[in-house]
Every structure is written in structure tokens, then in C-alpha cells.
Amino acid sequence: MADSWATRRGEPGQRTGGPGGPGGLGTDLHLDLPPGGGTGVRVALIRALRDAVRTGRLAPGTRLPSSRSLATDLGIARNTVADAYGELVAEGWLTARQGSGTRVAERVVPPEPAPPRTPPAAAVAATRPTYDLRPGQPDVSAFPRTAWLSAARRALIVAPNDAFGYGHPAGRPELRRVLADYLARARGVRAAPERIVVCAGFVQGLALLSRVREKAGHREMAVESYGLDVHWNVMRGAGLRTVPLPVDQQGARTAELDRSAALRTVLLTPAHQFPIGVPLDPDRRAAVVDWASRVGGLVLEDDYDGEFRYDRQPVGALQGLDPEHVVYLGTASKSLAPALRLAWMVVPDHLMDDLLALKRTGEWESGRLDQLTLAEFIDSGAYDRHVRGMRMRYRRRRDQLVAALAERAPRVRVTGIAAGLHAVLQLPPGTEQSVVRGAAWQGLALDGLSRYRYRDEQGQKRTPAPRQQERQQEPGGQPDALVFAYGTPPDHAFTGALEALCRALP
């Protein structure tokens, strides 16, 4: 029996054993095989042999019995054993050579991976805030599910066959057409459908533009001295060096772009500076487009929440002043939901070829069925109705916030409330971090304003030194504040979040 396994029947599986030595198996091997035959037995045999090798019960170099012998011992078809051996040879677990039989491969078998560490449910619940008031998303509970489903149904019924293929890298023509009309009407953007490129979120659009600029030899990009580190890191990942542009209560100080002779690109949030919350001053808007025209530069306009303005009509897009030197970037993430992964760029003609060539090189596409649905959603008027309804909802929350702070925390001044989904709460000097910790004790996840101050590649905070006459206007001079995202919680949770906030404030 040097080349076979003796079989002892058992339930639920079968155990085979044989003598040790180079010709046989020196250990018992439990094979958990189902009764009967066919595919189920073959799969179970493969799994049992694989597990035996993986766990070391079958050592490297061990010779296995012939398929005929093992089939006889196990009471199964010889072809079943031969197929199992063949698959394990193909996978690298076994080797089969003429005259040498079938052996366990001479290889180092890695240990079984440790099971994932899943914290107890109670620990997860203890670390999850009751109210997450960090900016970044709208009230997703208000997503218009019924209207979106109706738009999706209509879009699918009339969709042409080519909509289900790969399509053009710029996106579906139906969406580009309705976006051109909507952006001209609602945001003052000057765009033909042929100049619109659909992308999977603002960050993807920024990554594409950063790579195009780096390839063109423009390796510096100015950014506002308060903003999102994820944006700065995207640019740096594309090979660009970021340069902070000071921000004060009139927005970015665009006149300082001339300080760097090599600078040709700037990223701005002109309608509602993030996170300070101020619109870019009209003179500075004119200055930045003049700079771009004079030096052959490019302005990237992040219009992340331009539809939500409460004191007057929304500020028109900067792109309308100079479409050949401004790239307009908009998104459905704040107006609808981040889960859609839909954003758009309005691109100058001279960038289109390079941008589309890059977009063709990888998985840069957005879901085409979602594009068709959004096109129908906008074209039917449902998008305008949703934005109007959300604008009223967010304004009511903003007014509740202002009233509650005036009554219960009069030392806290609220700024940046003319638009958007968040407010900046100015705190007494030296109190920001203690208030953030106190808010955590109240179950609130809140960010201090310092969280958004510019950091260089080494993670060091840097606020550009203001000129003497501007020192009092620079937010870096009074850094203690909270960024409160009143647009994020659902309606039923907002009152509780506001109560918890007031308990945490000085």
C-alpha cells in the first residue's frame, strides 16, 4: 500500500491513511466529501486537498496515490480524482511528472491570513458621533428618490442603443446639452455642449486638469490659504507644487498672483469661499481674469454650492467673464447627493484635445445611465424644483442657527451665512480646540477652522504673511472658529444637533 490510501468510512466525511515515507502519506487526512458523486464531490475533493497542503498536513514533496487508487479508496469515479489532480496542478498546489507521479509542489505555503478584526458593535456605537456636522455633503435624506426613479424610467425608455456602449469620453450628448442650457440660465456660464466634459466628481476633474497642466510644463498651482487638503494632495500627486494665496474677508487676494513669475494656474472658490464663506470681491474677480489673460494662465473655478444663496440671486460664475481662461467645475454632490458621482467641467477650446486624450487612457468615465437620468431630471424641471425646495430648507436651518446662538451664545459671532451649507462660528481667542473637544463630549463631530488652513507637503500649516494694512482682515490672524455644516443633518435631527452645539459653546 505504498502508493495508496486505506479507507475507513465515517460520517460525515471519510478518513484515509497510509504508511509514511516518500511513497505514501505519513498522516491521516480527513476528507469531508458529500455522498454520491458528480461536481459536488469533485469540488469537495479539491478543497480538501488544497486545505491539507495549505495547513501543512501534506508536506512539500509528498507523493500522492494514483488517481485509480484514490478513487478506489474513496469509492468515487477515477475521472473525478483525475480532474481534481489536474486542477490543483494548474493552480500550482501539485506537480505531475512522467515516472514521478503526483506530488505536493515544493513551495512555501503562506500562512492563513488572520481574520479581520471586527470591533464589537458596542465599541463602534461608542465611537460614532450622534451628530456629524462636518462639511462635505448635503442632507442626503432629502434625495428626491421618487422623482429620480421616474426620470430614470423615462430616460431608459427613450435611450438609444449606443447609450449602453462605451461612448465618448466627454460624456453623453443628452446631458451635455441640458447642462449647457441650465448653466447659462442659472449660473451665467458661457458654454456650448461641445465644451462640456462630464466626470465622476469634482476631485476627478481636478486630477485630470492637474495632469494636463503638468504635462504642459505648468508645475505650480496657486490655492486659497483655506481649503481642502484632499484637493492640494490631488495636485501634488499629479506633480504640481501648490502655492498658498492669502484669503481675507473679500476672498482670495488675487492681486498677489503676480508675485510668482512661474505661476500660470490658480484654483478658486469665487462664489462662496470654502470654508470662510465669503464671495470673491468684484474687483478681485476682474483682477484674476485680467491676470490669466495677460500671462496666458488658467483659473479653475470650483462652484461647489453656487445654487444655494440666501441674501440675493446667486453670484454668477467667474467663467462668464473670460471663457477662454477659466475652467468652470460644477457638481451634483451638494445639490443632489455625492453617491451619484456626477460632475462637469466647461473647458476652453485649447484644452479639450489634451483633456479628452488623457480621459481615454483609463477608467475616468461616469455611469452613462446616471448621466441619462440626470439629463432627464434637469430637462423635466425636477432639478430646479428640488434646488428651490432645498434652498428654502437650508435657509430655515441657517436662521434657526443664528437665532439660537444670539440667545444662548452671544459671544459667538456667525459669519459666512449668505450662502452655502455651512457657517463659520467665530470663537474667543484660544478656545477652538477646547470647544471641539467639548462638542465631542456632546456627541458632535465638528471641525475647527484650523483644520482647513493650508498645509505644505510636510503637513506644516502655513498662512501667508499679510501686509500690514491687511493684517486685521486675514482669517489667519483670528484662527479660533468652528465650521458648522447645518446642511448635513436630516430635518428630524437638526434641533437636537443645535441643542448639543449650544451646550458645547462658550
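**Sheet, helices and selected residues of the predicted model**

Strand β12 (265-268) pairs in the parallel sense with strand β13 (residues 298-302) over four bridges, where two strands pair if DSSP finds at least two bridges between them. Helices (H or I, at least four residues) and strands (E, at least two) are DSSP runs, numbered from the N terminus. The model is predicted, with pLDDT of at least 70 needed for local features and 80 or more for side-chain atom pairs, while totals for chains, interfaces and linings use all residues. Residues are numbered from 1 along each chain as its sequence is written, and side-chain values use heavy atoms, with hydrogens and water left out.

In the loop between β12 and α9 (282-295) lies P275, which is joined to F274 by a cis peptide bond with omega of about 5°. The loop between β14 (326-331) and β15 (343-346) contains R341. Phi of R341 is near 50°, a positive value in a residue other than glycine. R341 is partly exposed, with a relative accessible area of 38%; buried means under 20%, exposed over 50% and partly exposed in between (1.4 Å probe, protein chains only).

S293 is situated in helix α9 and is partly exposed at a relative accessible area of 44%. Leaving aside neighbours within four places in sequence, S293 is in contact with D322 and H325. The C-alpha atoms of S293 and V326 are 9.7 Å apart, although the two residues are 33 residues apart in sequence.

Helix α7 (residues 202-215) packs with helix α8 (residues 229-237) at an angle of about 30°, with the axes 9 Å apart. This makes α7 roughly parallel to α8, a term for angles under 35 degrees. The contact involves F202, V203, L206, A207 and S210 of α7 together with H231, V234 and M235 of α8.

Helix α14 (residues 491-504) has 14 residues and should span 20 Å at 1.5 Å a residue; its end C-alpha atoms are 21 Å apart, which agrees. The expected span is 1.5 Å times one less than the number of residues. In α14, the residues A493, F494, A497, L498, A500, L501, C502 and A504 are buried. The packing partners of the buried residues of α14 include α12 (382-408), α13 (432-441) and β20 (481-484). Helix α12 also holds D384, which counts as buried at 18% relative accessibility. Residues up to four places away in sequence not counted, D384 touches Y182 and R185.

Note on methods. Contact means heavy atoms within 4.5 Å. Axes are lines fitted to C-alpha atoms, for helices over the stretch in contact, and angles run from 0 to 180 degrees between N-to-C directions. Angles under 35 degrees count as roughly parallel, over 145 as roughly antiparallel, 65 to 115 as roughly perpendicular and the rest as oblique.
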